[in-house]
Every structure is written in C-alpha cells, then in structure tokens.
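Me: I would like to learn how to read the contacts between side chains in a protein model. Could we go through them one feature at a time?

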Amino acid sequence: MKKEKKEFVIQKPRLPDRSDLSNDIYGLFRDEDGFYCKLFENCTIESQNAEKVSFKQVVFRNVVFKKTVFERVELEDVRFENCDLSNLGLGGAIIHRVEFENCKMVGLNLGGAAIQNTAIDKCNCKYANLRFSLCKRFEARDSILDFADFQSSEMVDARYEDTSMRECQMSGTSLCGIDISTCDIEGIGIRMEDMKGAVVSPVQAVMVAGMMGLVVKDI
C-alpha cells in the first residue's frame with residue numbers, strides 16, 4: 001500500500017508581545033547591523049545599502065522601502081504587515097519563520113535566497129525574482145505571482161493556494177508533489193520534466209497536455 005505523504009506545517013514567527021517590541025526610527029543602516037525585538041511602523045526606509053543586516057523578532061507595519069538594498073540580510077521571526085517592498089534588493093537572504101501579509105512586493109529581488117518556514121498571504125509579487133533560491137516549507141495564499149521568476153530553484157514542502165501564477169517562469173524547478181490545482185497557471189514557463197508529479201486540476205491537465213503538443217479530443 002502506498003503511504004500518503006504527511007502534510008507539512010509551516011512554523012510561525014516567534015514574536016514577543018507588542019508591548020515588548022520597542023519602536024525604532026531608522027537612521028543609517030550599516031553592514032552587519034543587528035535589530036532585535038523592534039517595531040518599525042508607519043515609516044519609509046529609503047536609499048539604504050548594507051550587507052548582512054540582521055532582523056530578529058521584528059515587526060514591520062505600514063513600512064515603505066525605496067531604493068534600498070540589503071544583500072545577504074538575515075530575517076528570523078519577522079512579520080511584514082501592509083508593507084511596500086517593491087524592488088527591494090534582498091539577494092542571498094536567509095529567511096526563517098517569516099510572514100508577509102497584504103504586502104506589495106512587485107519586483108522584489110530574492111535571488112539565491114534560502115527561504116524556510118515562510119508564508120505569503122494576500123500579496124502582490126508580480127515580477128519578483130527568486131532565481132536559484134531554496135524554498136523549504138513555503139506557502140503562497142491568495143496572492144499574485146504573475147511573471148515571477150523561480151528558474152532553477154529548489155522547492156521542498158511548498159504549496160500554492162488560490163494564487164495567480166500567469167507567465168511565471170519555473171524552468172529547472174521541479175514541482176513534483178506540489179499542489180497547484182487551485183492556481184491560475186496560464187502561460188507558465190516550465191519544462192515537461194519539471195511538471196512530473198505535480199498535483200493539477202483536470203483543466204490544468206488539458207493545458208499541460210497542450211504544452212506537450214497533445215491534442216485532447218472530447219468524446
């Protein structure tokens with residue numbers, strides 16, 4: 001008898017009570033700066049460029065990032081609420097137990113990132129770059145990933161629910177065991193071998209068959 005795959009659980013950020021978070025008004029971010037138990041709220045972080053900045057047990061609420069690059073940033077036990085991370089540079093990031101809720105993330109750069117126990121909920125991630133990233137225990141719910149780039153990434157225990165993935169680029173990224181049946185995958189860019197083992201709806205199956213050059217006859 002075939003053993004059913006055990007449903008994975010995404011760990012939530014381990015955050016202290018709000019009263020234990022100190023408000024932080026940023027100045028200049030420097031390489032290897034560390035922020036612990038902080039609340040960034042109702043502010044704009046602009047024209048910053050720093051490497052290996054660490055944020056642990058931090059909440060970003062109503063924060064706008066502009067012209068900012070945090071290469072190889074470390075985000076651990078972090079929550080983003082109603083933030084604008086469009087075009088934010090987070091290449092090579094280490095992300096663990098992080099939630100993004102109702103955020104604008106158009107063009108966000110997470111190329112080469114290691115992402116674990118992370119959930120994206122009701123976010124606009126059009127044109128986001130996640131090339132060569134590792135997504136382990138990763139979830140996108142009710143979000144937009146149109147034109148996002150996941151090429152040559154690795155997905156381990158990932159799921160996508162009610163998410164638009166139109167024209168999403170996934171060549172070289174295996175979707176084996178990943179359920180995308182509730183998603184819009186029209187125009188998805190992927191190799192046939194990468195679709196092997198993916199969980200799809202009947203309508204999607206016809207679409208995938210068309211990608212293979214098959215003609216599905218209605219009888």
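Me: Let us start with Arg-159: is Arg-159 buried or exposed?

Reply: This is a predicted model, and in it Arg-159 has a relative accessible area of 14%, which is under the 20% limit, so Arg-159 is buried.

Me: Which residue forms a salt bridge with Arg-159?

Reply: The general idea is that side chains of opposite charge can pair when their charged atoms come close. Here the partner of Arg-159 is Glu-7, and the closest N and O atoms of this salt bridge are 2.7 Å apart. The two residues come from distant parts of the chain, since Arg-159 belongs to strand S10 (residues 154-161) while Glu-7 sits in the segment before S1, 152 residues apart. Glu-7, with a relative accessible area of 56%, is exposed, whereas Arg-159 is buried. Arg-159 also lies over the face of Phe-8, at 4.2 Å from the ring centre.

Me: How many salt bridges does a search of the whole structure find?

Reply: The search finds 20 salt bridges. One of them pairs Asp-77 with Arg-97, with the closest N and O atoms 2.6 Å apart. Because Asp-77 lies in strand S6 (residues 74-81) and Arg-97 in strand S7 (residues 94-101), this pair ties together parts that are 20 residues apart in sequence. Asp-77 is buried, at a relative accessible area of 6%, and Arg-97 is buried with a value of 6%.

Me: Where do Arg-141 and Asp-121 lie, the residues whose pair ties together parts of the sequence?

Reply: Arg-141 and Asp-121 meet through their side chains in a salt bridge, with a distance of 3.6 Å from N to O. Arg-141 is found in strand S9 (residues 134-141) and Asp-121 in strand S8 (residues 114-121), so the parts that they tie together are 20 residues apart in sequence. Their accessibility should be read residue by residue: Arg-141, at 26%, counts as partly exposed, and Asp-121, at 12%, counts as buried. Salt bridges can also share partners, and in this way Lys-12, Glu-41, Arg-61, Arg-79, Glu-81, Glu-99 and Glu-101 are joined into one network.

Me: Now the aromatic rings, please: what describes a pair of aromatic rings?

Reply: Such a pair is described by the distance of the centres and the angle of the planes. In this model the count comes to 16 aromatic pairs. Take Phe-29 and Phe-70, whose ring centres are 5.2 Å apart and whose planes stand at 65 degrees; an angle over 60 degrees counts as edge-to-face, so that is the name for this pair. Phe-29 is in the loop between strand S1 (22-23) and strand S2 (34-46), and Phe-70 is in strand S5 (residues 69-71), so that the pair links distant parts of the chain, 41 residues apart. Both Phe-29 and Phe-70 are buried.

Me: Why is the pair of Phe-40 and Phe-55 named as it is?

Reply: The ring centres of Phe-40 and Phe-55 are 6.1 Å apart and the planes are at 80 degrees, so this pair is edge-to-face. Phe-40 lies in strand S2 and Phe-55 in strand S4 (residues 54-66), and therefore the pair ties together parts that are 15 residues apart in sequence. Phe-40 is buried, with a relative accessible area of 0%, and Phe-55, at 2% relative accessibility, counts as buried.

Me: Which residues form one aromatic cluster?

Reply: The cluster is formed by Phe-29, Phe-35, Phe-40, Phe-55, Phe-60, Phe-65, Phe-70, Phe-80 and Phe-100.

Definitions and conventions:
Residues numbered from 1 in each chain as written. Predicted model: local features only at pLDDT ≥ 70, side-chain atom pairs only at ≥ 80, totals over all residues. Heavy atoms only, no water. Phe/Tyr/Trp six-rings, centres within 6.5 Å; stacked < 30°, edge-to-face > 60°. Helix = DSSP H or I, 4+ residues; strand = E, 2+ residues; numbered from the N terminus. Buried < 20%, exposed > 50% of the residue type's maximum accessible area, 1.4 Å probe, protein only. Lys NZ or Arg CZ within 6 Å of the ring centre and 35° of its normal. Salt bridge = Lys/Arg side-chain N within 4 Å of Asp/Glu carboxyl O.
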